[in-house]
Amino acid sequence: MHFLAYIVRQTGKNLRQTWGTQVMTLLTVTLSVLLFAFFFLIYTNMLRASARLGDDLRLIVYLDQEIPEQKRPEIEKKIRDFGPVEKIIFVSRTEAFSRLSAQLDKEKDVLNDLGPDFLPPSIEVYPLKNLQDLTKISQFSDFLLTLPHAAKVQSGSDWLRRFGDFTNLLQVVVLLSGVLLIISMTFIISYTLRLTVVSRQGELEILRLLGATSAYIRLPLLLEGMLQGFLGSSLGLGALYLLYQWIASRFSGPGFLNLFDFAFFPPELTAAILLASVVLCTGGSLFSIRRFIRI
Amino acid sequence: MYYYGLAVIRRVSPVGSKKVFHMPRDASTDKPLVELVNVAKIYPPDIVALEDVSLRIYKGEIFFLTGMSGAGKTTLIKLICRLETPTRGLIEVAGRDLSRISPAGIQRMRQKIGIAYQDFRLLEKQTVLQNIAMAMEVTYASTKAIHARVDELLALLNLSDKRDKLTGELSRGEQQRVALARAAANGPSLLLADEPTGNLDPAATELVINLFRHLNEKNGSTIVVATHDKSIYAETEHRVMDLRKGHLSAHPNRAPRQIELFEA
C-alpha cells in the first residue's frame, strides 16, 4: 500500500515540477491522436462504404432488341459459365418503362408523350458478393458485351475505380499519420521524461545513495508516460467524438453522411487506439529511463 | 602486515560521560559486520588511496577512524558502502562479499546503512523534513512513521524548530546535523559518518555523540566515525585506528589495554 501511495505521490510531484513541459506534451499527444484518429475514422467509413457499394454491384447489359423467352435460358447459361452470378434479371422495354414511371412517382407525367417502347430492354447481372476486383468486373463487362444484341454494358467500374483510388490515398494518409503518431509520442514523451530526469538529477543521485531501488525511481517515471498516453489519447478521441457529433448534427438527413452511413469507432477500436497510445508513451518512457537513469 | 582490532570489553561514552555500555563481547568468536582483507584502492593514474588495508568491525561496535585529510578515510567509507570498488582485496558486509552482490542487492543493503557524507549531500531546495524523510521513503515507510521519526531525531539534534525550513537556509553546522539525522533515520545496522563534527561547536558535537550513543544503545547500530576531531575520541574506550598514507594502524595515542593488535 505504501509502495503504491509513494509511486502515485512521486508521479504527481514529477508532473508538478515540470508542469509547463507536461502540458505541452499532453497537447502534442492529444493532437497526434486526434489527427491519426480523424483520418482513420474517415478511412474505416470509406472501407465500409466501399464494401456496401460492392454488395450493390450490378452490371446492366443494354440490348438493341428484346431476347425472346425461349432464348433466355441459353444466354443465362452463357453468363453463368463465364463467372459466378447471384441472379440474372431480364428487363423488357415495358418493365423498364414501368420502373422509371414508378421512380418518378408524382413526376411521371413527363413520360406521357413518350411511348412505353422508348427505353431499351436490358439484362441485369448481379455478380456474387466476392466479386470486388475491378479487373474482374472489367473482364466480366467485356464478356457481357459479346452477348447477342448487347449494345452497351454499364458496370459503374469507373466510379468504383475512382472510389478505390481515393480509399488507397486515404490508406497512405492514415499510415503516414500513424507513423507521425508513433514518432511524436515516443520522442515527445522521451524528451519530457529526460527533462524530468535532468530536473531531478541531484535528487536521483541522493536517492541512489540512500538505497532507492530501481522500481522506486523508475516506476513513477513510467507511470508518468502511461498517464500522458492515457490522458492525451482520451482527450484526442474525446475531441474527435465532439467533432463527429457536430458534423452528424449539422449534416443529418439525406446527403453525404447518410450515403456513407458515417459512424464513430466501435468501443473495441476506441479502446485499441487508447491502449496503443498508452503502450507508445510507456515505450517512450522506458527508452528515456534506460538511457538516462543508471541505477 | 595485517592488523585486526579486538573489540573492547567495556565500552564507555565517547565524550566525558562514564556510562557503561552493556556490550561485553568476545571478538575472536564473533563474526564481523564489516571485514576488509588486503584492500587497496588506487585512483588513476597511480594515486594510492589505500594500501593493503585489513580490518574487522564488529556488530554493535563504535569504531573511530582517524587520520589527516587525504589519508584515505573517505575512500574507506565509500568502499564499505560500495560507492567505490576496491582495486584489490575483499570487502564483506554482514558476511556478504560486496563484489558479488547485485546492483539491486547493493541498493537494499544501503537502506540498512546510514551514511553521513562529509559534503552533506542535501537537497537545498527541500525542507529539513523532506531531506530526512527521503531516507525512509525509499523503504516505503508510512508518512506517520516518517513524521514521528523525523521529530524524534530533530529533537535529539536540537533542530525541532528547523523542521520546515529549507536546508539551503541553514548554517553549515545545522546542515551537518540534518545529514546525520538522515543517516540515522532508518535506525541503520551500520552508520558511516564522515567527519560528522567538522562544522560543529562543542555543544552540537555533544548532541551528535549522544545521537551515536542513542543509536548504538537502542538499535545496536554499529557506528564507524571517520574523523580528525580529537575531541570525540580522546576520552573514548572504543577502538580508534589511524589511517596514514593509505595504511591502517593502531592510533599512536591509544593505550594497549584498549587496542590490542595482532598479526593475522
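Mentor: In this predicted model, the side chain of Ser54(B) comes to 2.8 Å from the backbone nitrogen of Asn38(B). Ser54(B) belongs to strand E5 of chain B, which covers residues 47-58. Its relative accessible area is 4%, so Ser54(B) counts as buried, the limit being under 20%.

From this residue we may turn to the contact of chain A with chain B. Chain A brings 17 residues to the contact and chain B brings 20 residues. Between the two chains an area of about 1,800 Å² is buried, and carbon and sulfur atoms account for 61% of that area. Of the area that chain A buries against chain B, 37% comes from Ile206(A), Leu209(A) and Leu210(A), more than from any other three residues.

Four residue pairs are in polar contact between chain A and chain B, both residues of each being at pLDDT 80 or more. One salt bridge is counted between the chains; it joins the side chains of Arg9(A) and Glu137(B), at 4.0 Å from N to O.

On the side of chain A that touches chain B, two or more residues come from each of helix H1 (2-17) and helix H7 (201-210) of chain A. H7(A) gives the most to this side, with seven residues. By residue class, the side of chain A that touches chain B holds nine nonpolar, four polar and four charged residues.

How values were computed: Residues are numbered from 1 along each chain as its sequence is written. Chains are lettered from A and ligands numbered from 1 in the order in which they are written. This is a predicted model: local features need pLDDT of at least 70, side-chain atom pairs count only at pLDDT 80 or more; totals for chains, interfaces and linings use all residues. Side-chain values use heavy atoms; hydrogens and water are left out. Contact means heavy atoms within 4.5 Å. Buried area is the accessible area (1.4 Å probe) that two parts lose on being put together, summed over both. A polar contact is a pair of N or O atoms within 3.5 Å; within protein, one must be able to donate a hydrogen and the other to accept it, and residues adjacent in sequence count only if both atoms are side-chain atoms. Helices (H or I, at least four residues) and strands (E, at least two) are DSSP runs, numbered from the N terminus. Ala, Val, Leu, Ile, Met, Phe, Trp, Tyr, Cys and Pro count as nonpolar, Asp, Glu, Lys and Arg as charged, and the others, Gly among them, as polar. Buried means under 20% relative accessible area, exposed over 50%, partly exposed in between (1.4 Å probe, protein chains only).
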